[in-house]
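Subject: Structure handover

Hi there,

Here is the structure I promised to pass on to you. Please open it next to this message, and my notes on what turned up will follow.

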Amino acid sequence: MERCKQHLVAKNAAFLIERIQVFNESSATVELAAVRLNCEPARIAKSLSFSQRKAICKAEAKAHEKAKMKLSKQKQQQDGSGAGGSESVGTLPADLPTTAPGDANVIVIVAAGDAKVSAKKYKEKFACQPKMLKREEVEPYTGFPPGAVCPFGLHDGVKVYLDVSLRRFSYVYPAAGTANTSIKVTLDELEQYASNAIEWADLCEGWQPEVGVAASRAEDTSDGSGTAPHEVQNDGIAAKKAQNEASKLAEATA
């Protein structure tokens with residue numbers, strides 16, 4: 001949580017710290033977080049971390065292959081003659097690339113709680129298959145332990161993509177750096193203060209656009225009473241049920 005707080009202070013967003021909620025029990029999963037916050041699971045903004053391979057063009061790949069062949073040939077010649085050449089064996093020639101095609105980087109996708117990353121959309125966007133970090137890799141690569149990955153305070157170089165599944169809501173709840181914390185932020189705040197936020201992207205499937213619409217409408221028409229949107233929605237449902245029961249009772253006694 002301290003890492004999250006330090007990031008917000010550095011971003012001149014210290015006012016968000018007071019919105020961090022600390023729970024006595026775990027909120028490490030979407031379901032647990034929704035229970036702790038008493039909100040719909042879709043509003044939980046989960047941060048999913050993926051390992052990628054750095055994309056290289058065909059020319060670079062060909063140059064790497066050429067370099068490997070040249071090194072192999074040099075080694076064979078040296079082994080056969082016992083004499084060293086003008087270039088040291090094991091060192092790439094200066095005119096060839098030195099970055100290996102297998103260099104890895106990490107991205108974090110922040111998505112709604114009811115959304116799942118689509119392998120097809122991911123591949124179309126990044127030209128590689130989605131590969132989530134292993135549990136033991138999460139903290140070294142992101143700065144946060146599993147179940148607590150937070151879009152605020154990630155390691156330098158970790159790119160953040162915000163999934164469009166979040167846009168149904170005016171505010172969402174990401175983790176705040178530990179497995180028992182959450183922070184309430186608007187979408188503008190999420191975009192503005194997230195670590196190295198690249199862009200909004202359509203990377204997920206399975207989420208329902210209509211989920212959250214009623215709650216968002218309730219937010220827009222709130223009378224300022226302080227009632228949470230999900231409470232407004234639930235009260236409306238309860239009132240409708242009561243009205244239906246009253247109508248049935250009136251018909252039965254008529």
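In helix H1 (residues 2–10), Cys4, His7 and Leu8 are buried; buried stands for under 20% relative accessible area, exposed for over 50%, and partly exposed for what lies in between (1.4 Å probe, protein chains only). These residues span an arc of only 95° around the axis, so they sit on the same side of H1; the arc is taken from the directions from the helix axis to the C-beta atoms. Gln6 and Ala10 are exposed, on the face of H1 turned away from the buried side. The buried residues of H1 pack against strand E1 (20–22), strand E7 (181–183) and H6, where a contact is heavy atoms within 4.5 Å. Just after H1, asparagine 12 has a positive phi of about 60°.

A word on the basis of all this. This is a predicted model, in which local features need pLDDT of at least 70 and side-chain atom pairs count only at pLDDT 80 or more, while totals for chains, interfaces and linings use all residues. Residues are numbered from 1 along each chain as its sequence is written, and side-chain values use heavy atoms, with hydrogens and water left out.

Overall, the chain has eight helices and 10 strands; these are DSSP runs numbered from the N terminus, helices being H or I with at least four residues and strands E with at least two. Of its 254 residues, 37% count as buried. Among contacts with a separation of 6 or more, 73% come from residues 24 or more positions apart.

Helix H6 (residues 187–193) holds glutamate 189. Is this residue, glutamate 189, buried or exposed? With 11% relative accessibility, glutamate 189 counts as buried. Its side chain makes a polar contact with the side chain of arginine 19 at 2.7 Å; such a contact is a pair of N or O atoms within 3.5 Å, where within protein one must be able to donate a hydrogen and the other to accept it, and residues adjacent in sequence count only if both atoms are side-chain atoms. Leaving aside residues up to four places away in sequence, glutamate 189 also touches others, including Phe15, Leu16 and Phe152.

Now to the aromatic rings. There are five aromatic pairs, meaning rings of Phe, Tyr and Trp (its six-membered ring) with centres within 6.5 Å; planes under 30 degrees apart count as stacked, over 60 as edge-to-face and the rest as tilted. One of them, phenylalanine 15 with tyrosine 193, is edge-to-face, at 6.2 Å centre to centre and 75° between the planes. Phenylalanine 15 is in the loop between H1 and E1 and tyrosine 193 is in helix H6, so this pair ties together parts 178 residues apart in sequence. Phenylalanine 15 is partly exposed at 40% relative accessibility, whereas tyrosine 193 is buried at 9%.

Phenylalanine 50 and tyrosine 122 make a tilted pair, 5.2 Å centre to centre with 45° between the planes. This pair links strand E2 (residues 44–53) to helix H4 (residues 119–126), 72 residues apart. Together with Phe126 and Tyr161, Phe50 and Tyr122 form one aromatic cluster.
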